[in-house]
Each structure stands twice: as C-alpha cells, then as structure tokens.
Amino acid sequence: MTAHPPRSGPVVAVLAFGGIVVSLMQTLVVPLIPDLPALLDTSASDASWAITATLLAGAVATPVLGRLGDMYGKRRTLLISLAMLVIGSVVCALSDTLAPMIVGRALQGFSAGVIPLGISIMRDELPAERLGSAMALMSSSLGVGGALGLPGAAALAEHADWHVLFWVSASLGTVVIALVLALVPESPVHGGGRFDLVGALGLSAGLLCLLLAISKGADWGWGSGVTTGLFAAAVVVLFLWSRWELRVSGPLVDLRTTMRRQVLLTNLASIVIGFAMFGMSLVLPQLLQMPSATGYGLGQSMMTAGLCLGPSGLVMMAISPVSARITGTWGPKVSLMLGAGVIAAGYGMGVFLMDAVWQIVVISCVIGAGIGLAYSAMPALIMSAVPVSETGAANGLNTLMRSIGTSTASAVVGVVLAHMTTAFGPVELPSLNGFRTAFVIGGGGALLALAVASLLPGRRPDRLTATPERPGTPQPVGGR
C-alpha cells in the first residue's frame with residue numbers, strides 16, 4: 001500500500017527502534033541475576049520470579065494484543081504496549097523488594113506485542129518494494145536488542161546504582177512513544193467486532209500452566225506433583241480452549257488459519273529457532289566468565305562477556321537486507337532453511353572452538369547471522385498465508401512460538417549444565433563436556449528447524465498482501 005510513501009522510511013526506523021528497545025528490556029536484568037537475592041532481600045528461587053514474570057506476561061500479551069490490534073487499531077494497541085513498558089520500568093526503578101519488582105517486570109512483559117504489531121503496521125502501510133527489507137529488520141530487532149543490551153546493561157550495573165537500568169528503560173520507552181505519535185500513522189486495516197474474552201482467558205491459563213512448568217520445573221522437580229500437574233492442566237485447558245476457538249464466530253486465534261501447512265510449519269520452526277537463539281545466550285556468557293583456572297573457562301568479567309556477544313547483534317541487523325533479497329529472489333523458505341543451516345554450523349564450531357575469546361566472538365556472530373536470516377523469513381511466511389485482517393494475531397502467535405522455544409531452551413540447557421559439572425574448590429561448575437553437550441543440543445535444534453522448513457511450500461508469493469480475505473471479513477477503513 002502506498003498511502004504514505006514519503007513517510008515509509010521514518011515509519012520503519014521508528015518501529016525497528018521500538019522493537020530494539022523492547023528486546024533490550026528482555027536482557028535488562030541479566031547482569032543483576034547473581035545479586036538479585038541480596039538486592040531484593042529474598043531467596044535465589046524467589047528472585048527468579050523477576051525473570052519468570054516477564055516471560056509469562058509476554059507470552060500472554062503477544063496473541064491477545066495482536067488480536068486487539070487487528071480489531072481496534074494496531075497503532076493504538078502499540079502505544080498501549082509501550083505505555084506498559086514505561087509504567088513497568090518506573091515501578092521497577094522505585095522497587096527495593098520482590099513484590100513490586102515482579103509487578104513491574106510483568107508490566108514490562110506486556111510490551112512483547114510491539115514487534116508483531118510493528119510488522120503488521122508495516123504490511124498495511126509500506127509499498128510492496130519496501131516491505132520485505134522492512135519486515136526483515138523489524139523481525140531481527142528481537143535478537144539485535146538482546147545482543148546489544150547485555151553489554152550496556154552490564155556497564156550500567158557495574159558503574160551505577162541498579163535502579164538506573166530501569167530509569168533508562170523508562171526513558172527509552174517514552175522516546176519511542178513520542179516517535180510513534182509523531183511519525184507512525186494509524187493502520188486503516190481493522191475490523192472491529194467483539195473481543196473473544198473467553199478465548200483470551202483460556203489461552204492465558206493454558207500458557208501460564210505450560211510455561212510455569214517449563215521455567216520452574218528444575219526448581220520444583222520435573223517429577224514433582226506441581227510440575228506434572230501443571231503440564232496436565234496445560235494439556236486439558238489448551239484442548240478445551242481449541243474446541244472453543246473452533247466454535248466461536250470471532251475467535252482470538254483462527255485455528256483453521258493456523259493449521260494451514262505454511263503457518264503451522266513456520267510456527268513449529270519458530271519454536272526450534274527460538275530454542276537455538278536462547279541456547280547461545282545461556283552458554284556463551286557462562287563459558288566466557290568461567291574461571292580460567294578450570295582449564296577451559298576464559299575468566300572474563302560480565303561486562304567483557306557482554307561486549308563479546310554485542311557484535312552478533314550488529315551481524316543480525318546487517319544480515320536483514322541480505323535475507324530480504326534472498327526472500328525476494330528465491331522465497332522465504334530458502335531464507336529460513338539457510339538460516340537454520342548457518343545456526344547449526346555455528347553450534348558445530350562451538351563444539352571444537354572454545355579456547356579463546358575471539359573464537360567465542362566468531363561463534364556468536366555465525367549463530368547471529370543464522371538467526372537474522374531465519375527471523376527475517378518468518379513474517380513473510382506467516383503474512384503470505386493469512387488474511388490482511390488477521391496479521392496482528394498471526395504475528396503475535398508466531399512471536400509466542402519463539403517465546404516457548406526460548407523457555408524450553410532455558411529449562412533444557414539449565415538442566416544439562418546443572419548436572420554435567422566438575423568440582424572447582426568448594427563449588428560445582430559446569431564441565432567442559434556440559435558446554436559441548438549444550439552446543440550439540442543447540443545444533444541439533446537448528447537441524448530440526450531445517451528439516452521442518454524443508455517441508456514448507458516452495459512457491460514464492462508475488463505480494464505479501466495478496467492473501468484473499470475470508471468471506472465476511474471486514475474491509476479496510478477508508479476504502480483501502
């Protein structure tokens with residue numbers, strides 16, 4: 001669509017910046033993890049809720065806010081998400097105990113809908129020739145912000161009061177809100193209707209049970225009654241939710257659309273790519289910071305470790321236009337398969353190259369390039385297979401799939417490194433074989449994503465907005 005061609009550049013820049021700010025929020029507390037129990041006067045197990053709360057809120061928010069954007073306006077919903085980020089950041093900045101920190105981090109988690117909403121706005125607003133590269137940049141911002149945020153957060157945590165991290169987050173969120181108000185027009189594509197509250201509550205309950213079991217299973221015990229009960233409850237609730245969604249006239253998630261081969265396989269691949277991305281974020285910092293006296297640790301500080309991983313974010317950003325060109329020439333399936341293959345190659349290198357800091361930098365950049373290729377392809381695959389009026393919900397669901405992948409990676413890699421240990425004085429540290437096993441698991445996940453992507457249809461869509469509407473779908477406001 002070409003209603004605002006002169007403004008397409010600023011629109012892309014603002015939305016991509018918003019995506020980076022939101023993903024920065026995800027890594028904001030990573031430097032604080034070892035100190036959180038003392039800072040919040042609580043136990044290590046309880047302090048982990050400062051991370052888990054954001055994960056759970058983000059998982060619930062992405063499909064719900066995507067659907068609200070489709071119904072009532074994507075820009076309006078985007079601003080609400082950013083406002084939640086700012087409010088949550090201020091609450092955290094004023095916190096000195098666990099309870100308000102959890103509340104603030106949960107509010108920050110609701111900003112996870114910014115990236116899928118931004119991609120949907122791009123589809124509605126940009127001319128066809130700009131859409132591929134713009135979506136690639138927006139999608140890769142999730143990885144870019146995470147990679148670049150770690151060294152910045154570590155520097156602030158080392159040289160300033162930890163509350164400053166959240167004041168910076170609030171300030172950046174406020175800047176994004178101002179830029180959106182000034183430069184991003186409201187999308188004309190929305191359909192109104194009645195919001196599926198029962199569907200939203202059912203999906204939220206099912207996701208909370210599933211992700212709680214995944215993220216806290218190691219603490220509670222994988223065979224404990226609480227963990228198994230949550231897994232069982234997730235299965236039952238999500239089954240009942242799917243039955244409801246298939247019967248209601250205006251579902252939160254159109255399961256008939258999500259079961260289309262292209263959408264289903266892309267979402268499955270997204271889970272595994274999310275797993276592979278977060279695996280790198282868990283393994284490489286620990287390897288860099290492990291004491292050099294172990295014989296395999298590299299003895300770096302948190303700030304140095306963050307700086308070593310920073311280049312991977314720049315690689316993700318640089319690779320997005322390459323991915324867009326590959327998608328435009330051979331189709332998004334090729335981009336996704338190539339990205340998964342590059343990720344697998346990076347993890348394969350990691351099994352053998354762990355002896356120097358420069359090797360870790362190279363590994364992270366190779367994996368980052370693969371993530372950039374894969375993440376950039378996913379929106380094109382999703383949006384060429386769903387109606388225009390469902391892009392927000394469809395992209396939100398795809399982002400949710402990535403979140404499930406990252407949560408699973410946290411659980412699996414955490415178990416591997418916790419059980420494959422070696423004695424170092426009075427403490428147990430992850431062993432060399434533990435790190436190698438984690439690399440093998442990450443590479444195996446990427447190869448699984450490659451296999452799933454190979455089953456995708458090979459056709460190249462002529463235009464991402466060409467998917468026909470379902471009968472009775474409301475048309476864009478204003479005749480567009």
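**Exercise 1. Determine the handedness of the crossing of H5 and H9, and describe how these helices pack.**

Step 1. The crossing of H5 and H9 is left-handed; a crossing has this hand if the near helix is turned anticlockwise from the far one by less than a right angle, and is right-handed if clockwise. The model is a predicted one, in which local features need pLDDT of at least 70, side-chain atom pairs count only at pLDDT 80 or more, and totals for chains, interfaces and linings use all residues. Residues are numbered from 1 along each chain as its sequence is written, and side-chain values use heavy atoms, with hydrogens and water left out.

Step 2. Two packed helices are described by the angle between their axes and the distance between the axes. Helix H5 covers residues 74–93 and helix H9 residues 163–183; their axes come within 8 Å and cross at roughly 160 degrees. Axes are lines fitted to C-alpha atoms, for helices over the stretch in contact, and angles run from 0 to 180 degrees between N-to-C directions. Helices (H or I, at least four residues) are DSSP runs, numbered from the N terminus.

Step 3. H5 and H9 are therefore roughly antiparallel to each other, a term for angles over 145 degrees.

Step 4. In the contact (heavy atoms within 4.5 Å), H5 contributes residues including Arg75, Leu78, Leu82 and Ser89, while H9 contributes residues including His163, Trp167, Gly173 and Ile177. By class, the contact of H5 with H9 has 16 nonpolar residues, five polar and one charged. Here Ala, Val, Leu, Ile, Met, Phe, Trp, Tyr, Cys and Pro count as nonpolar, Asp, Glu, Lys and Arg as charged, and the others, Gly among them, as polar.

**Exercise 2. State where Leu179 lies and which residues it contacts beyond its neighbours within four places in sequence.**

Step 1. Leu179 lies in helix H9.

Step 2. Leu179 has a relative accessible area of 30% and is therefore partly exposed; buried means under 20%, exposed over 50%, and partly exposed in between (1.4 Å probe, protein chains only).

Step 3. With neighbours within four places in sequence set aside, Leu179 is in contact with Val14, Phe17 and Val184.

Step 4. Pro37 is 142 residues from Leu179 in sequence, and 37 Å away in space, C-alpha to C-alpha.

**Exercise 3. Describe the packing of H13 with H18, and then describe H18 itself.**

Step 1. Helix H13 (residues 261–289) and helix H18 (residues 432–454) pack at about 160 degrees, and their axes are 9 Å apart. H13 and H18 are therefore roughly antiparallel to each other, and their crossing is left-handed.

Step 2. Among the residues that make this contact are Leu265, Ala269, Phe275 and Leu287 of H13, together with Phe435, Ile441, Gly445 and Val452 of H18. The contact of H13 with H18 comprises 18 nonpolar, three polar and no charged residues.

Step 3. H18 has 23 residues and spans 33 Å from its first C-alpha to its last, close to the 33 Å expected at 1.5 Å a residue. The expected span is 1.5 Å times one less than the number of residues.

Step 4. The buried residues of H18 include Gly434, Phe439, Gly442, Gly443 and Ala453.

**Exercise 4. Characterise the pairing of H1 with H7.**

Step 1. Helix H1 (residues 8–27) packs with helix H7 (residues 114–125) at an angle of about 165 degrees, with 9 Å between their axes. H1 and H7 are therefore roughly antiparallel to each other, with a left-handed crossing.

Step 2. H1 makes the contact through Val12, Leu15, Gly18, Gly19 and Val22, and H7 through Val114, Ile115, Gly118, Ile121 and Met122. Of these residues, seven are nonpolar, three polar and none charged.

Step 3. The C-alpha atom of Ile121 is separated by 9.9 Å from that of Asp70, 51 residues apart along the chain. Asp70 is found in helix H4 (residues 49–72) and is buried, because its relative accessible area is 2%.

**Exercise 5. Is Ala154 buried or exposed, and is Asp41 buried or exposed?**

Step 1. Ala154 is found in helix H8 (residues 128–159). At a relative accessible area of 0%, Ala154 is buried. Apart from neighbours within four places in sequence, Ala154 is in contact with Pro31, Met302 and Met303.

Step 2. Asp41 lies in the loop between helix H2 (36–40) and helix H3 (44–47). Its relative accessibility is 70%, so Asp41 counts as exposed. Phi of Asp41 is near 55 degrees, a positive value in a residue other than glycine.

Definitions and conventions
Helix = DSSP H or I, 4+ residues; strand = E, 2+ residues; numbered from the N terminus. Parallel < 35°, antiparallel > 145°, perpendicular 65-115°, else oblique.
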